[in-house]
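Biologist: Please walk me through this model. I want to know what each label rests on.

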Amino acid sequence: MSVSAQNTTPSADAAVVFDGVSKHFPASGTSDAFTALDKVSLTVDRGSITGIIGRSGAGKSTLIRLVNGLEKPTGGKVLVDGVDVGGLDEAALRSLRRSVGMIFQHFNLLSSRTVFGNVALPLEISGMDKRAIEQRVRPLLDLVGLADKHGRYPAELSGGQKQRIGIARALATEPKLLLSDEATSALDPETTQSILELLKRINADLGLTVLLITHEMEVVKAVTSDVAVIDHGRIVERGHTFDVFTHPKHETTRALLSGLPGSKLPDAVARALKPAPAAGDRAVVRLTFFGAAAEKPLISQLIKSVGAEVNIIAGTIDEIGGAPYGSLVVAYGADPETSGRAERFFVENGLVTEVLGYVA
Amino acid sequence: MSPDILLRIAGATVDTIYMVAIAGLIGSLIGGPIGIFLATSGKGELFPAPTINRIVGLIVNATRSTPFIILVVAIIPFTRLLTGTSIGTKAAIVPLTIATIPFVARLVEAAIREIDKGLIEAARAMGATPMQIVFKVLLAEARPALTLALTMTAVSLIGYSAMVGAVGGGGLGDLGIRYGYQRFMPDVMLVVVVVLIVLVQLVQSAGDGLARRFDKKNRKT
């Protein structure tokens with residue numbers, strides 16, 4: 001388990017450790033005092049793609065900015081490669097930042113520089129000479145598939161292309177850790193997928209640890225191996241992405257998951273849903289199956305066991321963190337006999353079920 | 001119009017250009033850094049020094065709110081100290097420069113504040129020093145706006161330089177007042193006005209063109 005237990009001890013394979021980190025903003029002229037993070041402990045494994053998901057205002061932006069010292073914690077420690085970021089002076093902090101790449105929601109490219117110039121910027125900042133910069137930038141542009149655009153200006157590129165430049169720029173100093181701040185939130189779904197694919201490839205090919213924050217479950221589902229759910233400045237749930245998706249425990253997690261396509265009930269059914277059954281009603285149940293269960297002929301067995309009509313209302317088969325996963329919403333007789341048989345069947349087959357309600 | 005007058009007009013034009021160029025150059029060299037300081041020294045900014053920021057801001061405002069013609073008269077002792085005289089082209093450069101400094105400072109400040117804070121954050125995340133951020137990010141990104149700011153400064157200076165003519169400053173304004181107004185030579189006045197218009201137009205067009213060239217943001221693919 002990568003996003004590990006409460007008391008994190010810095011382990012050898014931890015890229016980032018948050019150790020009881022708090023961040024309070026004191027009251028100022030226009031705003032009240034505000035606690036952005038409240039004793040957050042979290043470990044990011046080396047080589048993982050770890051996602052932190054939460055609604056806007058949950059504290060995730062602050063959390064990711066603690067890693068490269070753009071924000072300072074008011075309590076606790078942030079360790080990057082075992083080094084306490086809070087204890088560094090400005091010069092040491094700058095050299096740490098040169099070994100941590102960062103990409104942004106709005107790309108933050110310099111409009112006055114060409115594609116080449118933008119990717120070269122962090123290298124110029126670190127004092128590399130022109131020839132070495134040239135040699136470093138070319139392969140990066142190849143890597144993100146924009147070698148032919150090197151002389152263009154950001155205003156001439158699409159959003160997806162701009163983010164690719166952002167990624168190339170973040171990789172220029174050959175960092176071991178990449179921070180992604182809502183990097184796909186300004187992109188359309190298709191472009192989002194291609195950017196996520198690129199992140200996955202970089203993670204696999206370069207062995208780069210990726211820490212990303214997002215408010216989109218789609219992003220977490222598509223690329224992360226581990227996830228932490230943050231709400232009101234606290235980590236409310238964490239674990240392997242697959243486990244969190246298939247066994248969400250916290251209400252915030254469930255709420256975030258309900259936005260995923262395939263997990264939503266058709267409107268007509270949702271409207272007709274009642275909390276308690278009347279005689280002759282049918283129970284609406286969500287089945288979640290994965291691993292071995294995903295390979296069995298479940299539906300036909302279910303119909304045989306229940307011995308009654310089973311309607312399929314909604315369903316999706318998907319992949320989470322690379323593992324197959326299915327979600328099926330079915331309806332069957334709510335009478336005790338039928339329900340009892342169904343429940344026995346679910347237990348025998350190790351299915352996770354959730355009764356959503358009842359319909360006439 | 002006699003050849004003598006034409007010669008005087010030509011000489012006055014050169015004087016005006018000279019005054020505007022020197023005052024603009026020195027004023028920008030001093031006002032520019034002040035503007036950068038004003039834009040980056042607020043609380044939580046690159047060079048946080050909120051108290052000095054406020055004091056400098058006050059001085060800038062005070063200078064800017066003093067009417068130019070009053071400023072010219074008020075600093076006569078200072079002008080005399082620097083140039084040994086209070087009349088003529090050389091003397092006029094002193095109040096022109098003093099007036100340019102806060103003007104440029106505020107324009108430069110505004111141009112730099114226009115820049116997306118995300119760019120500063122990105123540069124910090126790359127490990128840039130505050131100085132690197134100023135030169136590689138802020139000034140580079142603000143180049144089109146700075147060009148327009150300097151253009152505006154030059155245009156204003158042409159106007160101000162005509163005003164110093166009223167107190168014996170030399171240049172086109174001086175000529176217009178002495179010949180066009182005091183000696184009732186409307187044709188001289190007309191020529192002076194036309195030359196001023198042409199000067200302003202030339203400066204504005206050159207500035208606009210340069211700013212457009214620097215601006216890579218509003219390019220079409």
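Modeller: The contact takes 21 residues from chain B and 21 residues from chain A. Two residues are in contact if their C-beta atoms, placed from the backbone, lie within 7 Å. This is a predicted model: local features need pLDDT of at least 70, side-chain atom pairs count only at pLDDT 80 or more, and totals for chains, interfaces and linings use all residues. Residues are numbered from 1 along each chain as its sequence is written, while chains are lettered from A and ligands numbered from 1 in the order in which they are written.

Biologist: Which helix of chain B gives the most to the side that touches chain A?

Modeller: Helix 6 of chain B does, with six residues. Helices (H or I, at least four residues) are DSSP runs, numbered from the N terminus. Helix 6 (117-125) and helix 7 (130-141) of chain B each supply at least two residues of that side.

Biologist: Why is B:G11 called partly exposed?

Modeller: A residue is buried if 20 or more other C-beta atoms lie within 10 Å of its own, exposed if 12 or fewer, and partly exposed in between; C-beta atoms are placed from the backbone. B:G11 has 14 within 10 Å, so it is partly exposed. B:G11 sits in helix 1 (residues 3-40) of chain B.

Biologist: What makes helix 3 (residues 115-125) of chain A largely enclosed?

Modeller: Ten of its eleven residues are buried, so the rest of the structure largely encloses helix 3 of chain A. Among them are A:F116 and A:L121. The buried residues pack against helix 4 (130-143) and helix 5 (159-171) of chain A, together with helix 7 of chain B.
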